[in-house]
Amino acid sequence: MNKPLVGAFLAALLLGAGAAPVVAAEPAQHAQAQETAPKAGPEAKAVTFAGTVALSNCSGSVVRSPDSAPTDPALVLSNGHCLESGFPGPGEVVVDQPSSRTFTLLNASGDGVGTLKASKIAYGTMTDTDLSLYETTSTYQQIEDSYGIQALELETAHPTAGAAITVASGYWKRTYSCDIDGFVHQLKEGRWTWKDSVRYTPECQTIGGTSGSPVIDDATGKVVAVNNTGNESGQECTDNNPCEVDENGEVTVREGINYAQQTYNMVPCIGAGSTIDLNREGCGLPKP
């Protein structure tokens with residue numbers, strides 16, 4: 001996984017102490033990360049940090065479905081492996097758990113402009129996908145009125161191979177630009193298996209702390225996935241070294257390649273008032 005960061009000293013130095021389940025990224029990795037500009041195109045929308053957030057150990061973003069109302073509680077999207085309670089086990093689904101976690105809200109330039117507070121973990125899992133959704137104590141309208149920042153909209157359709165994308169990390173205040181190289185039938189890492197994962201082209205060299213970053217389609221400005229992992233050292237199917245498994249069971253290892261989990265299938269799960277209803281028609285998230 002694109003590791004969440006740990007260590008009281010490092011966390012305090014960066015964004016304040018917080019829970020963190022794995023080892024910290026080395027400063028050298030941070031220095032080597034390439035900050036790139038969003039790819040230009042005649043219809044491309046400028047990708048900024050507006051609406052992204054920094055967690056104590058990961059990245060995230062304020063997101064909404066196309067049907068979300070201004071008065072709905074705002075949702076924050078990140079990874080399941082970024083939960084303050086630690087990694088959910090295979091088959092484990094977390095729903096409606098109280099949380100007082102805080103998130104630093106960023107503006108377009110990457111400056112922290114305010115703090116959002118969770119009321120609960122609305123949903124979290126590392127089964128089939130790797131995502132978490134926090135419900136906050138602020139509505140979308142309150143965030144816009146207070147900070148002039150709108151939530152990022154979730155795409156409702158499956159992304160396409162070849163699409164230009166930007167991974168926007170609120171933790172590091174860095175962007176990574178590349179294309180969607182393709183999709184993985186099964187992505188296996190340690191005890192976990194994810195389905196229909198997004199594979200990046202090599203330009204997106206995401207690092208520890210980028211976990212939970214929104215993956216934004218440059219052409220639409222909408223969120224199509226959530227960044228979560230990469231093969232660090234060429235090992236096969238081990239922690240921090242996911243492997244690809246195709247429909248025939250053939251295993252492929254791509255050292256240095258990074259991945260994300262699609263988000264279109266969670267949009268139907270978001271009901272009125274930002275309620276996560278796993279029984280809604282079209283909802284593709286695993287149930288407890």
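Reader: What volume does the largest pocket have?

Author: This is a predicted model, where local features need pLDDT of at least 70, side-chain atom pairs count only at pLDDT 80 or more, and totals for chains, interfaces and linings use all residues. Residues are numbered from 1 along each chain as its sequence is written, and side-chain values use heavy atoms, with hydrogens and water left out. A pocket, on a 1 Å grid over the protein atoms alone, is an open set of points where a 1.4 Å probe fits, with protein on both sides within 12 Å along at least five of seven lines. Its volume is the space filled by probe spheres set on the points, which are joined across faces, edges and corners; for the largest pocket this is about 550 Å³.

Reader: Which helix or strand gives the most residues to the lining of the largest pocket?

Author: Lining residues have an atom within 4 Å of a point, and helices (H or I, at least four residues) and strands (E, at least two) are DSSP runs, numbered from the N terminus. β2, α3 and β8 (152-153) each supply at least two residues of the lining. With four residues, the one that gives the most is α3.

Reader: How many residues of that lining are charged?

Author: Asp, Glu, Lys and Arg count as charged; Ala, Val, Leu, Ile, Met, Phe, Trp, Tyr, Cys and Pro as nonpolar; and the others, Gly among them, as polar. The lining has 12 nonpolar and six polar residues, and the number of charged ones is five.

Reader: Why does P70 count as partly exposed?

Author: P70 lies in the loop between β2 and β3, and beyond its neighbours within four places in sequence it is in contact (heavy atoms within 4.5 Å) with T139, Y140 and Q141. Buried means under 20% relative accessible area, exposed over 50%, and partly exposed in between, with a 1.4 Å probe and protein chains only. P70 counts as partly exposed because its relative accessibility is 46%.
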